[in-house]
Amino acid sequence: MAKDPLDEAGLHFDELNKLRVLEPEVNQQTTELKEECKDFVDKIGQFQKIVGGLIELVDELAKEAETEKMKAIGARNLLKSVAKQREAQQQQLQALIAEKKMQLERYRIEYEALCKVEAEQNEFIDQFILQK
């Protein structure tokens, strides 16, 4: 079988009888690879869009989680503050109760002293009236 001089030179005719440097099979494989690469690039683009959307969603969720975390910390601090205020108020009320008990005891002693003075004065009046 004799080789075509164009084949030996690396030149080939395609199905449209155009002169080509690549063999028809290599040209077809190159075209298929080009289309596969284009499909791959398109799929990578779609993947990047999906991943970008996912990243945005995760960022939004992270911001919401951070906001809720700050709210929880604020609520916890407020609760601690309220607890400390109640404790301070309880101590103030206990001090007031102790003060009022001491005042009551002073009033009781003063009352007993006044009752004793009244009794002594009544006795004096009674003796004074009896002596006349």
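Predicted model: local features only at pLDDT ≥ 70, side-chain atom pairs only at ≥ 80, totals over all residues.

Colleague: OK, which residue does Glu68 form a salt bridge with?

Modeller: Glu68 pairs with Lys71, and their closest N and O atoms are 3.6 Å apart.

Colleague: How far apart are Glu68 and Lys71 in helix α2?

Modeller: They're three residues apart in helix α2, so about one helical turn separates them.

Colleague: And is Lys71 buried or exposed?

Modeller: Lys71 is exposed, at 53% relative accessible area. Glu68 counts as partly exposed, with 46% relative accessibility.

Colleague: What about Arg108, which side chains does it meet in salt bridges?

Modeller: One is Glu105, at 2.2 Å from N to O. Glu112 is another, at 2.5 Å, N to O. Salt bridges with shared partners join Glu105, Arg108 and Glu112 into one network.

Colleague: Where do Arg108 and Glu105 lie?

Modeller: Both sit in helix α2, three residues apart, about one turn of the helix. Arg108 and Glu112 are four residues apart in helix α2, so they too are separated by about one helical turn.

Colleague: How accessible is Arg108?

Modeller: Arg108 is partly exposed, with a relative accessible area of 37%. Glu105 is partly exposed as well, at 35% relative accessibility, and Glu112 counts as partly exposed at 44%.

Colleague: Switching topic: what is the secondary structure of the chain?

Modeller: It comes to two helices and two strands, in the pattern α-β-β-α along the sequence. Helix α2 covers residues 24–131.

Colleague: What percentage of the residues count as buried?

Modeller: Of the 132 residues, 2%. The chain exposes about 12600 Å², and carbon and sulfur atoms supply 59% of that.

Colleague: Which residues form a nonpolar patch on the surface?

Modeller: Leu54, Leu57, Val58 and Leu61, with about 360 Å² of accessible area together. Leu54 is in helix α2.

Colleague: And which residues gather in a patch of negative charge?

Modeller: That surface patch is made up of Glu32, Glu35, Glu36, Asp39 and Asp42. Glu35 is found in helix α2.

Colleague: Last one: which feature does UniProt place at residues 79–110?

Modeller: The unreviewed UniProt entry has a "coiled-coil region" there. In the model, residues 79–110 are 100% helix and 0% strand, and the end C-alpha atoms of that span lie 46 Å apart.

How values were computed:
Residues numbered from 1 in each chain as written. Heavy atoms only, no water. Patch = residues over 30% accessible without salt bridge, like charges linked within 9 Å, V, L, I, M, F, W, Y side chains within 5 Å. Areas by Shrake-Rupley, 256 points an atom, 1.4 Å probe, with all protein chains shown as cover. Salt bridge = Lys/Arg side-chain N within 4 Å of Asp/Glu carboxyl O. Lys, Arg positive; Asp, Glu negative; His and termini not counted. Charge placed at Lys NZ, Arg CZ, Asp CG, Glu CD. Buried < 20%, exposed > 50% of the residue type's maximum accessible area, 1.4 Å probe, protein only. UniProt positions renumbered as here; feature names shortened; annotations may be inferred.
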